[in-house]
Amino acid sequence: MLEAVAFYGLAALILGFGLMVVTARSAVHSVVFLVLNFLAVAVAYVVLAAEFLAVIQVLVYAGGIVVLYLFVVMLVNQKRAPEAHHDPHRKSGLGVMLAAAVLAEVTAIVVYTASSSPASVPTPPPAIAGNTEQVGLLLYTDYLIPFEVASMLLLAAMVGAILFARKAQ
């Protein structure tokens with residue numbers, strides 16, 4: 001009963017902070033409310049006994065992403081009106097076609113997964129003490145290939161961002 005009250009209280013707090021992020025007049029205040037929102041989500045993870053996710057939430061989101069947002073807010077000149085600029089080299093049709101292709105692929109994967117019957121039920125690993133150990137064991141055994149693919153995508157995105165930043169200088 002106490003866990004349910006804590007969870008629903010935190011859910012209301014998270015929704016309230018989310019509304020404050022969107023409705024805040026100052027961008028800095030919006031980022032502060034975003035930090036509070038991320039911390040409330042981390043506490044909700046602790047209530048749900050997902051300590052690993054709570055620590056990752058604080059380190060990655062409340063730590064790294066929010067610092068990035070604050071740098072962007074501080075570096076962007078907010079006094080200037082936005083420019084009415086249309087890039088003649090922009091290929092909007094290509095972007096829409098690529099987005100449609102990705103949507104079709106995801107839909108095909110979902111339909112194929114839902115229609116195929118499970119070949120065999122995997123045997124559970126031996127009993128492990130905590131949540132973090134279970135995540136680590138699954139991540140580096142059953143989900144090693146998706147983990148490596150995600151890391152390569154993040155590396156490609158980082159290299160692309162560096163190249164775009166160098167061209168802007």
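Colleague: In what order do the elements of the protein run from the N terminus on?

Modeller: Helices (H or I, at least four residues) and strands (E, at least two) are DSSP runs, numbered from the N terminus. Here the elements run α-α-α-α-α-α, and the protein has 6 helices and 0 strands. This is a predicted model, in which local features need pLDDT of at least 70 and side-chain atom pairs count only at pLDDT 80 or more, while totals for chains, interfaces and linings use all residues. Residues are numbered from 1 along each chain as its sequence is written, and side-chain values use heavy atoms, with hydrogens and water left out.

Colleague: How can I check the span of helix α1?

Modeller: The expected span of a helix is 1.5 Å times one less than its number of residues. Helix α1 covers residues 2-23, and its 22 residues should span 32 Å, which agrees with the 31 Å between its end C-alpha atoms.

Colleague: Which residues of α1 are buried?

Modeller: Buried means under 20% relative accessible area, exposed over 50%, and partly exposed in between, with a 1.4 Å probe and protein chains only. In α1, the buried residues are L10, F17 and V21. Seen down the axis of α1, they fall within an arc of 45 degrees, so they line one face of the helix; the arc is that of the directions from the helix axis to the C-beta atoms. An α-helix has 3.6 residues a turn, so residues three or four places apart point the same way. On the other side of α1, the exposed residues include V5, Y8 and L15.

Colleague: Against which helix do the buried residues of α1 pack?

Modeller: Contact means heavy atoms within 4.5 Å. The buried residues of α1 pack against α2, which covers 27-47. Leaving aside residues up to four places away in sequence, S30 touches V21 and A24.

Colleague: Which residues make the nonpolar surface patch?

Modeller: Patches are made of residues with over 30% relative accessible area and no salt bridge, where like charges are joined within 9 Å and nonpolar side chains (Val, Leu, Ile, Met, Phe, Trp, Tyr) within 5 Å. A salt bridge is a side-chain nitrogen of Lys or Arg within 4 Å of a carboxyl oxygen of Asp or Glu. Here F52, L53, V55, I56, L59, V60, Y61 and V135 make a patch of about 640 Å², and helix α3 (residues 51-75) gives the largest share, 7 residues. L53, in helix α3, is partly exposed, with a relative accessible area of 42%.

Conventions: Accessible areas come from the Shrake-Rupley method with a 1.4 Å probe; for residues, only the protein chains shown count as cover.
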